[in-house]
Protein chains: 2
Amino acid sequence: MAALEIRPEEHAALVDGRPLSLTMRELQLLVTFASRPQRIMTRDELYTEVWGSRPRSDDRSVDVYVSRLRAKLGEALPEMRLIHTHNGIGYRFSPDG
Amino acid sequence: MAALEIRPEEHAALVDGRPLSLTMRELQLLVTFASRPQRIMTRDELYTEVWGSRPRSDDRSVDVYVSRLRAKLGEALPEMRLIHTHNGIGYRFSPDG
DNA sequence: TCGACCTGTGAAAATCCTGTGAAAGCAGGG
DNA sequence: CCCTGCTTTCACAGGATTTTCACAGGTCGA
């Protein structure tokens, strides 16, 4: 069974020892998610951690990058649903699918 | 299937037993890459290993030599993408393509 | 001395990443 | 069902980063 391994200090997220090709933002977002598994995180929290500032009230960047990250994770790990949406609140990262 | 073989102690990189004609820098770079397969390496790391000193902050030597190395590898092994770019970070050597 | 080659640099060209607006899709309440 | 609000995805323009080229200086052997 393929596993996802995240190594922030190596700027890498690996599947079967092979790094995914993520952009900086995508990786930062994934690292942030992975640092708080199973925790429901608001867009505000995610934005603040990844972008390092407060988001505009109508900012949708987090959603867009969640979508991009899902696309790449979904390609490398088709069977797993790693990022769950919590309607009206935010997102949750679930390492075991 | 053609294979790439690297013999640092013989100062050689072989494809099907035939040595590539690489310059010193190109070979050092390839050897450095090959010593850490699948690992994303920053320009700093690569420069430090190959040149033996810290790079100027705006130094692009690594990029230039990656380009030269790719050209020679690409000629000898057309079907393989051995060196991958990780935007904003550095490069990664993937022995199996 | 000459020619062939290697090196590092600057800069132009090519490529990729980012954030945004907007359209399309989905969920839940009534 | 049908609304409404929220989420997902797309396309694009601007910016940032990477790739490639040409060149000047250096080295080495013929």
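**Close-up views of the predicted model**

View 1. The model shown here and in every other view is predicted. Strands E1(B) and E2(B) run antiparallel and are joined by four bridges. Four residues lie between the two strands of this hairpin, and B:His11 takes a positive phi near 55 degrees there. By way of background, most residues other than glycine have a negative phi.

**View 2. Strand E2(B) also pairs with strand E3 (residues 18–19) of chain B.** The pairing is antiparallel and extends over two bridges. The hairpin of E2(B) and E3(B) has two residues between its strands, and in it B:Asp16 takes a positive phi near 55 degrees.

**View 3. Helix H1 (residues 24–34) of chain B carries four buried residues, B:Glu26, B:Leu29, B:Leu30 and B:Phe33.** These residues cover an arc of only 95 degrees around the helix axis, which puts them on the same side of H1(B). Which elements of chain B do the buried residues of H1(B) pack against? Their partners among the strands are E1 (4–7), E2 (12–15), E5 (83–86) and E6 (90–93), and their partners among the helices are H2 (43–51) and H3 (61–76).

**View 4. Chain A contains three helices and six strands.** Along the sequence, these elements follow the pattern β-β-β-α-β-α-α-β-β. The radius of gyration of chain A is 13 Å, close to the 13 Å that the globule rule gives for 97 residues, so chain A is as compact as a globular protein of that length. Taken along the principal axes, the box filled by its C-alpha atoms is roughly 40 × 25 × 20 Å. Buried residues make up 23% of the 97 residues of chain A. Among the contacts in chain A with a separation of 6 or more, 47% are between residues 24 or more positions apart.

View 5. A:Asp16 is exposed, with 11 other C-beta atoms within 10 Å.

**View 6. Strand E5 (residues 83–86) and strand E6 (residues 90–93) of chain A pair in the antiparallel sense.** Four bridges make up the pairing, and A:His86 has A:Gly90 in E6(A) as its bridge partner. The two strands form a hairpin with three residues between them. In the turn, A:Gly88 has a positive phi of about 80 degrees.

**View 7. Chain A meets chain B through nine residues of chain A and nine residues of chain B.** On the side of chain A that touches chain B, three residues are nonpolar, four are polar and two are charged.

**View 8. DNA strand C has 18 residues around it, with contributions from chains A and B.** Those that come nearest are A:Thr23, A:Met24, B:Thr23, B:Met24 and B:Asn87. At least two residues of this surface come from each of helix H1 (24–34) and helix H3 (61–76) of chain A, and from each of H1 and H3 of chain B. By class, the surface has six nonpolar, six polar and six charged residues.

**View 9. DNA strand D is surrounded by 18 residues.** The closest are A:Asp63, A:Ser67, A:Thr85, B:Asp63 and B:Thr85. H3 of chain A and H3 of chain B are the elements that give two or more residues to this surface. The surface near DNA strand D divides into four nonpolar, eight polar and six charged residues.

Terms used
Residues are numbered from 1 along each chain as its sequence is written. Chains are lettered from A and ligands numbered from 1 in the order in which they are written. This is a predicted model: local features need pLDDT of at least 70, side-chain atom pairs count only at pLDDT 80 or more; totals for chains, interfaces and linings use all residues. The radius of gyration is taken over C-alpha atoms; the globule rule is 2.2 Å times the number of residues to the power 0.38. A residue is buried if 20 or more other C-beta atoms lie within 10 Å of its own, exposed if 12 or fewer, and partly exposed in between; C-beta atoms are placed from the backbone. Two residues are in contact if their C-beta atoms, placed from the backbone, lie within 7 Å. The arc is that of the directions from the helix axis to the C-beta atoms. A residue is near a molecule or strand if its C-beta atom, placed from the backbone, lies within 6 Å of it. Ala, Val, Leu, Ile, Met, Phe, Trp, Tyr, Cys and Pro count as nonpolar, Asp, Glu, Lys and Arg as charged, and the others, Gly among them, as polar. Two strands pair if DSSP finds at least two bridges between them.
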